[in-house]
Amino acid sequence: MARRAWRVAVLLTLPYVLLGLAWLGSNPGGAAPDEDAHLIKALAAAHLDIGTPGPSPTADQSPIQVRNASNRREVTIPGRLSPRGDNCLAFRPDVTAACQQALPPPPPGQIRIGTTLGAYPPFLYPPIGLVASLGSTPYQAYLLGRLVVLAATSLLLLLASWHLTRWLGPQALLGVPVLMTPLVSFCTGVVSTSGVEILGALLVAAVITVSARRPESLEHRSTQLLLLLGGGLLVLSRQLGLVTMAALTVALLALGGWRAVLGGLRARSPVTLATVGLLAVCSVAAAAWEVRYDHPAMLGPWMSRDGWAAWSGAWLEMARSGVGWFGWMETRMAWWTTTAWLLAALALVVTAVVLGSARDRVVLIGGAVALVALSSTLYVHVFLPVESGLQGRHVLPFAALLPVYAGVVVAERLPSRVVPRVVAGLALTLPLLHAYGFVLYAVRNAVGLTHPSWRFVPLASWSPVLGWYPWLALGAVAVIGLVTSGLALARAGRRDPLV
């Protein structure tokens, strides 16, 4: 029976792995938000170099430049891997990745270079940097670093899918594809900690959702180890990871998890002690880093009337960016495609609120209110003062519980003859949006969006390693796999749990 849970989890995860590989290989180096700065930080972290503060900002710099200067650190990395100038296409959707071909060759030896992410938590960067440092060129370093991120995120997705299936059955996975937006898939194949943060939150959300239905699950060592893995990576990933984990921990304990945790502590269970202790160590380490090193300039008030009004006008763009904005967030899927995805997510949550129990409603409505409170506060305090936009990838980890929990409620409460139709409907529509986003971004990098052409391959001024056809074929196989796995889950029916 346990093998069937693994088969179901692999069936769901494998297409996302293939799609992540397609994103990884077809994306130019440095063509993701601050990916060049992430690579520099990772290469320095590989030899435990946290850097020294960079030069102070000048009076004529913009607010965002002042903020970046406050986070900048000077580090030492191999010159041959220096990504200087790779971001020549950033924020310029009309410029193809061919601009990178005119860059000068990287310098030899070791060099000092700045990263605007120097003050960010460094904990997950060493393994990325160790593997990336095996490359001979900056582009190879990007590809190797992306492979580490893809491996980590794929493992988290696999374990979350296995845990949900093992305890609640295959159709408990209904909400997972809704969270796995094209943007999330894109993030699994770039040098950044955003993908690990989102998928770490997914694994914790899966543990919480299962424990709400099957409280005894928390008494199992495997569940506690999953909580440790997902929660630890979430806490250590980014500044907001600790806040997200704190909120998810409150949800876990409030839904009855405190009994299993307290029981394990009283019984001095080694796994419980290790889980609680190591999560506490991760939390202290993350908090200590923030207090000691991370002091960004130009922070605003925690909330204000004007700030709330500004967030009210910006929240929809933030939500759409979490669905299908790529590159440096300048390549955007059509509004109707991102809106369709958001409506599907909203319909799932609203249906769960209508059909669920009183406790389900508290979880879902409370989670939605907390998401609004967090995103608005973050926008007003951090982003508005430097005239920057809050992106969906920043808040997707905090939102992870909503689609996962709602998917389980809908799978339980809808009539048994309706659930397969819902799953099949998602299986036939969401992968098409993945395909559209992937091809749109390929067009952007190959010929630009000023004169886009869906027959772009013969016209391409830039092509990835191996050319466009292998990566487009891999993307097509991944999309077909998403459809196939979704239809297989629809046919699985409402089966008994596997434990």
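Residues are numbered from 1 along each chain as its sequence is written, and side-chain values use heavy atoms, with hydrogens and water left out. Because the model is predicted, local features need pLDDT of at least 70 and side-chain atom pairs count only at pLDDT 80 or more, whereas totals for chains, interfaces and linings use all residues.

Helices (H or I, at least four residues) and strands (E, at least two) are DSSP runs, numbered from the N terminus. Axes are lines fitted to C-alpha atoms, for helices over the stretch in contact, and angles run from 0 to 180 degrees between N-to-C directions. Helix 8 (residues 194-213) packs with helix 9 (residues 221-237) at an angle of about 150°. Their axes lie 8 Å apart. The crossing of this pair is left-handed, a term used if the near helix is turned anticlockwise from the far one by less than a right angle, with right-handed used if clockwise. Contact means heavy atoms within 4.5 Å. On the side of helix 8, the contact is made by V196, E197, G200, A201, L203, V204 and V207. Helix 9 contributes T223, L226, L227, L229, G230, G231, L233, L234 and S237. By class, the contact of helix 8 with helix 9 holds 10 nonpolar, five polar and one charged residues. Here Ala, Val, Leu, Ile, Met, Phe, Trp, Tyr, Cys and Pro count as nonpolar, Asp, Glu, Lys and Arg as charged, and the others, Gly among them, as polar.

Helix 10 (residues 241-266) and helix 11 (residues 270-292) pack at an angle of about 155°, their axes 13 Å apart. Helix 10 and helix 11 are therefore roughly antiparallel to each other. Angles over 145 degrees count as roughly antiparallel, under 35 as roughly parallel, 65 to 115 as roughly perpendicular and the rest as oblique. The crossing of helix 10 with helix 11 is left-handed. L242, M245, V261, G264 and L265 in helix 10 face T272, L273, V276, L279, S283 and A287 in helix 11 across the contact. The contact of helix 10 with helix 11 has eight nonpolar, three polar and no charged residues.

Helix 14 (residues 358-383) packs with helix 16 (residues 401-413) at an angle of about 155°, with axes 10 Å apart. Helix 14 and helix 16 are therefore roughly antiparallel. Their crossing is left-handed. From helix 14, D360, V363, L364, G367, A368 and L371 take part in the contact. Their partners in helix 16 are L401, L402, Y405, A406, V409 and R413. The residues of the contact of helix 14 with helix 16 divide into nine nonpolar, one polar and two charged.

A salt bridge is a side-chain nitrogen of Lys or Arg within 4 Å of a carboxyl oxygen of Asp or Glu. By this rule the count comes to 10 salt bridges. R72 and E74 form one of them, at 2.9 Å from N to O. Buried means under 20% relative accessible area, exposed over 50%, and partly exposed in between (1.4 Å probe, protein chains only). R72 is partly exposed at 26%, whereas E74 is buried at 17%. R214 and E216 also meet in a salt bridge, at 2.5 Å from N to O. E216 is partly exposed, with a relative accessible area of 31%. In the salt bridge of E317 with R332, the closest N and O atoms are 3.9 Å apart. This pair links distant parts of the chain, 15 residues apart: E317 lies in helix 12 (residues 305-324) and R332 in strand 5 (residues 331-332). E317 is partly exposed at 35% relative accessibility, as is R332 at 44%. Salt bridges that share partners join R213, D360 and E412 into one network.

Most residues other than glycine have a negative phi. D34 has a positive phi, near 60°. D34 sits in the loop between helix 1 (2-26) and helix 2 (35-45), and is partly exposed at 27% relative accessibility. M329 also has a positive phi, near 65°. M329 lies in the loop between strand 4 (325-326) and strand 5, and is buried at 6% relative accessible area.

A345 lies in helix 13 (residues 335-355) and is partly exposed, with a relative accessible area of 22%. A345 and L179 are 166 residues apart in sequence, yet 8.1 Å apart in space, C-alpha to C-alpha.
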